[in-house]
Amino acid sequence: MLLYLCLFIIPFISFSRQQPYTFEHLTVADGLSHNKIQCILQDKQGYMWFGTIYGLNRYDGYNFRKFENIPGDTLTLGNNNVVSLYQGTDETIWIGTSTMLSSYNPAKETFRNYNVSSLQSVIHDIKEDEEGVLWLATGSGLFSFDKKTDKTRYVATNDS
């Protein structure tokens with residue numbers, strides 16, 4: 001009987017000794033480009049990405065690296081107002097902004113910007129289907145983006 005009692009109580013005692021979660025508040029004082037965070041992504045390498053109204057931030061657990069638009073430099077972020085983030089199957093990080101779609105190649109550490117004039121709206125969410133087509137949820141409706149041809153197509157829905 002004592003053996004059964006010990007086997008029943010010991011797991012509860014060890015469970016109660018687990019360390020509580022700790023939270024760390026990160027702000028502009030820590031290197032974040034702005035305190036208004038609009039989206040968060042943890043990539044496949046473990047980095048945390050924060051989209052703010054003043055740029056994209058990568059956090060390695062110790063320091064921030066800021067990515068911002070540099071006017072005239074097409075290899076930088078297309079727009080600083082980052083609204084949505086998604087990492088595709090090919091490791092590319094897709095960035096939806098208030099005016100355009102951008103992608104970030106982690107291996108080359110470069111951006112590519114897509115002037116998708118048919119959108120004319122904020123990209124609120126990005127997903128990818130099994131064929132590799134990106135789906136963009138915008139204020140103007142749903143769009144598909146073919147990464148192979150860089151073509152965007154409006155998709156009529158029941159709400160349209």
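Which residues line the largest pocket? The legends below take up this and other views of the structure.

This is a predicted model, in which local features need pLDDT of at least 70 and side-chain atom pairs count only at pLDDT 80 or more, while totals for chains, interfaces and linings use all residues. Residues are numbered from 1 along each chain as its sequence is written, and side-chain values use heavy atoms, with hydrogens and water left out.

View 1. Helices (H or I, at least four residues) and strands (E, at least two) are DSSP runs, numbered from the N terminus. The order of elements from the N terminus is α-β-β-β-β-β-β-β-β-β-β-β-β. Of the 160 residues, 36% count as buried, a term for under 20% relative accessible area, with exposed meaning over 50% and partly exposed lying in between (1.4 Å probe, protein chains only).

**View 2. The largest pocket is lined by D90, T92, W94, S103, N105, T110, F111, R112, Y114, F145, K147 and D150.** Two elements, β7 (101-105) and β8 (110-114), each give two or more residues to this lining, and β8 gives the most, with four residues. A pocket is an open set of points, on a 1 Å grid over the protein atoms alone, where a 1.4 Å probe fits, with protein on both sides within 12 Å along at least five of seven lines; lining residues have an atom within 4 Å of a point. The volume of the largest pocket is about 150 Å³, taken as the space filled by probe spheres set on the points, which are joined across faces, edges and corners.

**View 3. The largest nonpolar core has twelve residues, among them L56, W49, F67 and F111.** Such a core is a set of buried Ala, Val, Leu, Ile, Met, Phe, Trp, Tyr and Cys residues joined through side-chain atoms within 4.5 Å. β1 (37-42), β5 and β6 (93-97) each give two or more residues to this core. A second, separate core of eleven residues includes Y86, W94, I126 and L134. Beyond its neighbours within four places in sequence, L56 is in contact (heavy atoms within 4.5 Å) with residues including W49, F67, L77, V82, L85, I95 and F111.

**View 4. V83 lies in strand β5 (residues 82-87).** V83 is buried, with a relative accessible area of 15%. Not counting residues up to four places away in sequence, V83 touches Q38, C39, G96, T97, S98, V122, I123 and H124. V83 and C39 are 44 residues apart in sequence, yet their C-alpha atoms are 6.0 Å apart in space.
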